[in-house]
Amino acid sequence: MYLRIGWAKATRGPVAAPSFKTRVTVMIAARNEEESIGKTINDLLAQDYPKHLIEIIIVDDHSTDNTANIIRSYEAQGVKLLQLQLGDALNSYKKKAIAEAIKLSTGDFLMATDADCRMGTSWISTVVGFYEQNDLVMISSPVTYFQEQSVFERMQTLDFSSLIGMGGSFMTNGFAATCNGANFAYRKDVFYEVGGFTGIDELASGDDELLLHKVAVKYPGRIAFLKRREAIVYTHAKPNLKEFMQQRRRWASKSTKYKDKRMVAFALSVWLCNFMLLFTAVLGLFNLYFLKLFLITIGVKYIIDLIYMTPIMNFLKRRELLWYVSFTLPANIIYFIIIGFLGKNKKYAWKGRMVK
């Protein structure tokens, strides 16, 4: 109910048309994205935001395919290519790429997305309009999957939507807990004011969530979630279980850097809830009482999940995916427990590298 109330209260952005004056820098870190980077750039060039106020910087992170050449082909249209040049190996290549893009940027307001994302023509204007009409320093906006090719991918869309809804709900309730770097915006001066990625740069992941936590300490009331369809960024689910588990291990690895006790308590309670459900199910194989307890508990959780997820899927216009709650519920129980253990294993594969 706490999350549902937060989602209901989440702002839908400005009603009046803003008079844009903010210089915006869009940043992308790209590695081996030749199949998608052109589509992303075309979406950015098609934005209805004033062209003289947009700067696009794409950092090529040692791609071994044609990514850099594709980006270079757009230079005449104002797209800037920055190729990462590193003598020594790093662990957090993405944070380094973003930090280098920020150094080069001329915009006062930074908008980060990924090289495999798509967005509508009003993405920038919607986010910046919200920023200009509110006294904010950081904005998180929705991300969702699209163009699913299988039941597994549609299950991921439902699961991922629950995480986006949770982040938005918490943020609206005044608790900046989580966000997604594929649709993340903040003031450049605030990035430097909190020390950028210093203190969180030893982890490969966390360019979004851990930065959010740093900013929330200094500006607790000036971070917001923008619940507006024009602000949605679209990306793709993982095609197979191996890539899905690597992604979730990467996300779980950030929990080792949580400093807010509320966030630690929340993450632990989610894991314990799922562990106890599975434990009760196992006991139910040998004892009728525990079997009844498990069935009642899982039934209640099913109802709660539907109550929570319905408004989120309505917003995303993917209500039909609610039918997949029956599949994702038992799958979530198992994968949450596994990821809780694997997240403590420091190394995982990301973009063809082993990082931690």
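Here is a walk through this predicted model, from its sheets to its aromatic pairs, a few loop residues and a pocket.

With strand 1 it pairs in the parallel sense, over six bridges, and here T25 stands opposite L110 of strand 4. With strand 8 (residues 184-187), strand 4 (residues 109-114) pairs in the antiparallel sense, this time over four bridges. Two residue pairs let you find that contact on screen: M111 has A185 of strand 8 as its bridge partner, and A112 has F184 of strand 8.

Is strand 4 buried or exposed? Six of its six residues are buried, so strand 4 is largely enclosed by the rest of the structure. You can check this face by face: F109, M111 and T113 sit on one side of strand 4, L110, A112 and D114 on the other, and all are buried, which leaves both faces covered. The cut-off behind that word is a relative accessible area under 20%.

There is also an open sheet of three strands, with the order 5-10-7 and, again, mixed pairing. Strand 5 (118-119) and strand 7 stand at its edges, and each has a single partner strand, so one side of each lacks a neighbour in the sheet. Strand 5 and strand 10 run antiparallel and are joined by two bridges. Look for R118 here: it stands opposite Y234 in strand 10. Keep Y234 in mind for the next part.

On to the aromatics. The structure holds 20 aromatic pairs. One of them is Y145 with F160, a stacked pair at 4.4 Å centre to centre with 10° between the planes. Y145 belongs to strand 7 and F160 to helix 6, so this pair ties together parts that are 15 residues apart in sequence. Both Y145 and F160 are buried.

Another pair brings back Y234. The ring centres of F146 and Y234 are 5.6 Å apart and the planes are at 45°, so this pair is tilted. F146 is in the loop between strand 7 and helix 6, while Y234 is in strand 10 (residues 233-235), so the pair ties together parts that are 88 residues apart in sequence. How exposed are the two partners, F146 and Y234? F146 counts as buried because its relative accessibility is 18%, whereas Y234, with a relative accessible area of 21%, is partly exposed.

Q147 is in the loop between strand 7 (143-145) and helix 6 (151-172). Its phi is near 55°, a positive value in a residue other than glycine. Q147 counts as partly exposed because its relative accessibility is 46%. N32 also has a phi near 55°, positive in a residue other than glycine, and its loop runs between strand 1 (24-30) and helix 2 (37-45). At 30% relative accessibility, N32 counts as partly exposed too.

Last stop, the second largest pocket, which has a volume of about 350 Å³. Its lining is made of 17 residues, and H213, K214, V217, K259 and D260 are the ones nearest its centre. Which elements give two or more residues to the lining? They are helix 8 (209-218) and helix 10 (261-284). Helix 8 supplies the largest share, with five residues.

Key: Residues numbered from 1 in each chain as written. Predicted model: local features only at pLDDT ≥ 70, side-chain atom pairs only at ≥ 80, totals over all residues. Heavy atoms only, no water. Buried < 20%, exposed > 50% of the residue type's maximum accessible area, 1.4 Å probe, protein only. Phe/Tyr/Trp six-rings, centres within 6.5 Å; stacked < 30°, edge-to-face > 60°. Pairing = 2+ DSSP bridges. 1 Å grid on protein atoms, 1.4 Å probe; cavity = no way out; pocket = protein on both sides within 12 Å on 5 of 7 lines; lining within 4 Å. Points joined across faces, edges and corners; volume = space filled by probe spheres on them.
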